[in-house]
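User: Could you take a close look at one helix here and tell me how it sits in the rest of the chain?

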Amino acid sequence: MKEIRTPDELIAYGRALQVAHGFKGWISDEEGEILRRYIADRKITVAYECGTRRGWSACWMALGGAFVHTWDIEDLEGIERGTNLGERIQRHIGPFDLGVGKPLNYEKEPVLIFIDGDHSYEGVQRDFEAVLPYLLQGDVVVFNDTKSWKNVAQYIDDLKKLGFPVKDIDTYYGTAVLEWA
Ligand SMILES: C[S@@+](CC[C@H](N)C(=O)[O-])C[C@H]1O[C@@H](n2cnc3c(N)ncnc32)[C@H](O)[C@@H]1O
């Protein structure tokens, strides 16, 4: 079992896999650290993710201390397997919007939701609207790719116009955070 206890250890593990297998399409280290810090600083115990891919962002959230439920429509081999972080990551195969409602309905403690799946306008909207009815005070929703996908940027702008207090963080792919008050 490979033990990963620090951001530096996780970055080194990810870099080695990227070089060995050519894995790509995952968040930057800075974006991973943002997820980890939200979870660690707020002592969030459960996170829900749309868009697992290889499990890189899920590893960052597990490193922060959360148990991560993560959905993907594809079933790719996960990089968390064989590491201690894998014990805190539960993969679900299928569309996020169809799976997330039931478990969220039972949450009483603040959760973090990370949306990094279907980057079409309708896709981001559908995945956010799947969690919206369940949001409680203290929950945090993080959107990825607000710079790299114009559809996502457009949806975030529209959320702001509707009055949602979404905050931008200037990262490589672009991050937007909604803290539910
Ligand atoms: C950019 S990748 C995610 C990268 C991952 N978050 C990371 O940083 O390691 C997007 C993933 O979302 C998945 N996806 C697309 N539509 C989805 C949906 N409706 N529900 C869940 N996952 C979806 C794709 O199959 C793809 O693996």
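**A close look at helix α6**

In α6, which spans residues 121-131, the buried residues are Gly 123, Val 124, Asp 127, Phe 128, Ala 130 and Val 131. Looking down the helix axis, these buried residues sit within an arc of 155 degrees, so they line one face of α6. That arc is taken from the directions that run from the helix axis to the C-beta atoms. An α-helix has 3.6 residues a turn, so residues three or four places apart point the same way. On the face turned away from the buried side, α6 carries the exposed residues Glu 122 and Glu 129. Buried means 20 or more other C-beta atoms within 10 Å of the residue's own, exposed means 12 or fewer, and partly exposed is in between, with C-beta atoms placed from the backbone.

What covers that buried side? Among the covering elements are strands β1 (46-50), β4 (111-115) and β5 (140-144), plus helices α4 (96-99), α5 (101-105) and α7 (150-161). A contact here is a pair of C-beta atoms, placed from the backbone, within 7 Å.

Zooming out, the chain has seven helices and seven strands; these are DSSP runs numbered from the N terminus (helices H or I, at least four residues; strands E, at least two). Of its 181 residues, 43% count as buried. Of the contacts with a separation of 6 or more, 63% are between residues 24 or more positions apart.

Residues are numbered from 1 along each chain as its sequence is written. The model is predicted: local features need pLDDT of at least 70, side-chain atom pairs count only at pLDDT 80 or more, and totals for chains, interfaces and linings use all residues.

Methods
Contact = placed C-beta atoms within 7 Å.
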